[in-house]
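Please keep the sequence and the 3D view at hand while reading.

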Amino acid sequence: MKLLPFLVLISSLLDYGCTSASCNMTCHKDARCQVQGGTTGCYCSQGYTGNGITFCYDDNECENATQPCGEHANCTNTVGSYFCMCAPGFKSSNGQQTFVPNDGTSCVDVDECSNEGTVACGDHAKCENVDGGFNCSCKEGFQPSTGKLQFKPNDGTSCQENPKAKCELYKDCITEHINRTLAGISHLKTPLMMLQEINKNTLGPLLPVDVISYVEALSYSSLNTMHYSVSDSEALRNTTINVLVNTVNNFLQKDKITVWEALPVDNQRRSLTKLLHTAEQATLLMSQNFKKTTQLDANASDIALKVFAFDSHHMKHIHPHVYTGGDYIKISPKKREESHPNGTVAVVFLRYSNIGSLLSSPKNRSSKDTSEQRQTVSSSVIAVAISSNPPTLYELEKITFTLKYAKTADKDIKCAFWNYSADTMNGNWATEGCELTHSNSTHISCKCNHLTHFAVLMSSGGSVGVTNYNILTRITQLGIIISLICLSMCIFTFWFFSEIQSTRTTIHKNLCCSLFLAELIFLIGINMNNNKLFCSITAGLLHYFLLAAFAWMCIEGIHLYLIVVGVIYNKGFLHKNFYVFGYVSPAVVVGISAALGYKYYGTTEVCWLSTKNNFIWSFIGPACLIILVNLLAFGVIIYKVFRHTAMLKPEVSCYENIRSCARGALALLFLLGATWIFGVLHVVQGSVVTAYLFTIFNAFQGMFIFIFLCVLSRKIQEEYYRLFKNVPCCFGCLR
């Protein structure tokens, strides 16, 4: 019995089969003589098919079965058998290169991006692992040389610096990119082809300058060329409207909201208003050419559109309205007593889901706003537009709408419309002609007597409105003019009177000169942000002279400290070092700041330091350090003067002089320090109170300095008395 398996193995290797005591048949070499189901015969071995006598053909298990090896694996047929190997991008769970089915082995993904994966994609590229492979893409601020957003190593694609990423949204930069974008579509022959090109280019991620450029391109393709090429084909018009809706939707998807928010408020609102205006007017333009009564719906993820087009004969039977996304809108035309002339009417309804945050009042804004309170859009934004031929055929009486909104406690709600100029595309929320008819915790109903874009607004306090903005602007202008006059009088006083010349007056003279130049530059150039180079230079000079003013304030504290502690010093040597610290150290700070972040000098709103990447701390940091040093110095001065006067028995006149100097220096420290403390508080809190405090302290600095250093100084009073007593017209007044 033990020899039986061995004999069976030997017999299977014979060229022409086998015979046995129980089988008289000659079998094929790939068959065996066996008893199956009670019948003796030649049967092909496993992995073969045939009659077992004259032929046995190899079975191709890889073709006869569906995925015999499982997912992500390839099957390889062999004579009489087969084996499995994992597909490229996968590896076997047992670590072996080949395996057989049902042995517990599976194919798992290889993470090509681990270890050296990111290096394989090249410079400025990142690796993204996917099942069975990986993709390379360029990092933010770079673009692929071949235009492919995803690429493989060694396919000729490299990541190059994107020139648009450096665009700081100044006028010249924006104009350049708008012209380049328009040139890219101007060769296309039809509005539909232009729309399709813009749609394709706005599908993926966008930079802020792309948003502005492609909105301009969309406006050009939809409004400036549409009326030349509107076809009589209804199908083509339907296609064009659908492509327009999808293209507008590309700009308004949730993932694009952060790109809009990166734009300055003025650019953001102007481009958004132009986008809304383009969608409305382009749809109206195309809808005027429908030859029969039509209702057209075009929906995308974040925008819904409905068009009604009809002629004068159907006006009594058609009542344009729309119910979408929980919002209801209906228009009511004026009743006409006379018969309707022949003509056509087009009514367009639009609903935008996600643009409310972009049209709300920004939390920290310097631009003008049209209300005394912060306004938040708490509903979708809807639009209604009507076009009729002749224009008097279909005149609006009222529009009624019910919008779903998110109610917040202790906030006023009101119905509002987006009031904008079609020439400048500047807009703001207004309430004229609209009234609230009903509201509950989820919906609000409104009635308006005109057409445009509508929404529900919520108002909350805490922002600077247009009235306060205008008042603050006038205070700033008046205060700086007064300060310049006062500072010039200080400079004249410290320079002209020889009797008061001292180290302290030298310090005050340079302090006043620095502040005078800073305020003069502020008055002339703070709002000249159209020219990037000029704006950057203005911001740099402001940075330098304000730091110089703080440096001379620090020098005054150090000088008083040296007097009180009794340090003996060489006056000429000390003055030389004072000038180095007062003018060279601010230059070093500004130079290092410019070298590390020159593009942050000047913003799109004002010519001052940008708050991006905390660059503003290149001014706030040194200023705070100087204030701290002066506080420590004055702490020592106060201690020495008021606690040790009796013990040291100094000359009374000497310490009276120190007290007087200390009082003036402390007043100066409080004035300069408090100004910027209120400035920081206004940035953080943004209230009306902090706005007024910062404006008053900042604008009238020169006047306060003149009062503290000149008007209240007995020595200077005496010098002016001597000066004017020799003038006949003034002597009588002085007497």
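Asp 327 and Arg 351 are joined in a salt bridge, with their closest N and O atoms 2.7 Å apart; the term salt bridge stands for a side-chain nitrogen of Lys or Arg within 4 Å of a carboxyl oxygen of Asp or Glu. Asp 327 belongs to strand β17 (residues 327-333) and Arg 351 to strand β18 (residues 344-352), so the pair ties together parts that are 24 residues apart in sequence. Strands here are DSSP runs of E with at least two residues, helices are runs of H or I with at least four residues, and both are numbered from the N terminus. Asp 327 and Arg 351 are both buried, where buried means under 20% relative accessible area, exposed means over 50%, and partly exposed lies in between, with a 1.4 Å probe and protein chains only.

This is a predicted model, in which local features need pLDDT of at least 70 and side-chain atom pairs count only at pLDDT 80 or more, while totals for chains, interfaces and linings use all residues. Residues are numbered from 1 along each chain as its sequence is written, and side-chain values use heavy atoms, with hydrogens and water left out.

## Salt bridges within helices

A search of the whole structure finds five salt bridges. One of them links the side chains of Glu 176 and Arg 180 at 2.7 Å, N to O, and both residues lie in helix α4 (residues 171-185), four residues apart, or about one turn of the helix. Glu 176 is partly exposed at 42% relative accessibility, and Arg 180 is also partly exposed, at 43%.

Glu 197 and Lys 200 form a further salt bridge, with their closest N and O atoms 3.5 Å apart. These two residues are separated by about one helical turn because they stand three residues apart in helix α5 (residues 191-201). An α-helix has 3.6 residues a turn, so residues three or four places apart point the same way. Glu 197 is partly exposed, with a relative accessible area of 23%, whereas Lys 200 is exposed at 52%.

## The buried face of α5

In α5, the residues Pro 191, Leu 192, Met 194, Leu 195, Ile 198 and Asn 199 are buried. Seen down the axis of α5, the buried residues fall within an arc of 160 degrees, so they line one face of the helix; the arc is that of the directions from the helix axis to the C-beta atoms.

Five strands form an open sheet in the order β16-β17-β21-β25-β24, with antiparallel pairing; two strands count as paired if DSSP finds at least two bridges between them. The edge strands are β16 (321-324) and β24 (434-439), each of which pairs on one side only. Within this sheet, β17 and strand β21 (residues 396-404) pair in the antiparallel sense over six bridges, and Lys 330 has Thr 400 in β21 as its bridge partner.

Another open sheet has three strands in the order β5-β6-β8, again with antiparallel pairing. β5 (73-78) and β8 (98-99) stand at its edges with a single partner strand each, so one side of each is left without a neighbour in the sheet. β5 and strand β6 (residues 81-86) pair over six bridges, and Asn 77 stands opposite Tyr 82 in β6.

## An enclosed strand

Strand β11 (residues 133-138) is largely enclosed by the rest of the structure, because six of its six residues are buried. Gly 133, Asn 135 and Ser 137 point one way from β11, while Phe 134, Cys 136 and Cys 138 point the other way. Strand β10 (residues 125-130) pairs with β11 in the antiparallel sense over six bridges, and Asn 129 has Phe 134 as its bridge partner. The hairpin of β10 and β11 has two residues between the strands, and Gly 132 takes a positive phi near 80 degrees there.

## A nonpolar surface patch

A nonpolar patch on the surface, with about 730 Å² of accessible area together, is formed by nine residues that include Ile 481, Met 489, Leu 517 and Phe 534. Such patches are made of residues with over 30% relative accessible area and no salt bridge, nonpolar side chains (Val, Leu, Ile, Met, Phe, Trp, Tyr) being joined within 5 Å and like charges within 9 Å. Accessible areas come from the Shrake-Rupley method with a 1.4 Å probe, and for residues only the protein chains shown count as cover. The largest share of the patch, four residues, comes from α13, while α12 (466-496) and α13 (503-525) each supply at least two residues. Met 489 lies in helix α12 and is partly exposed, with a relative accessible area of 35%.
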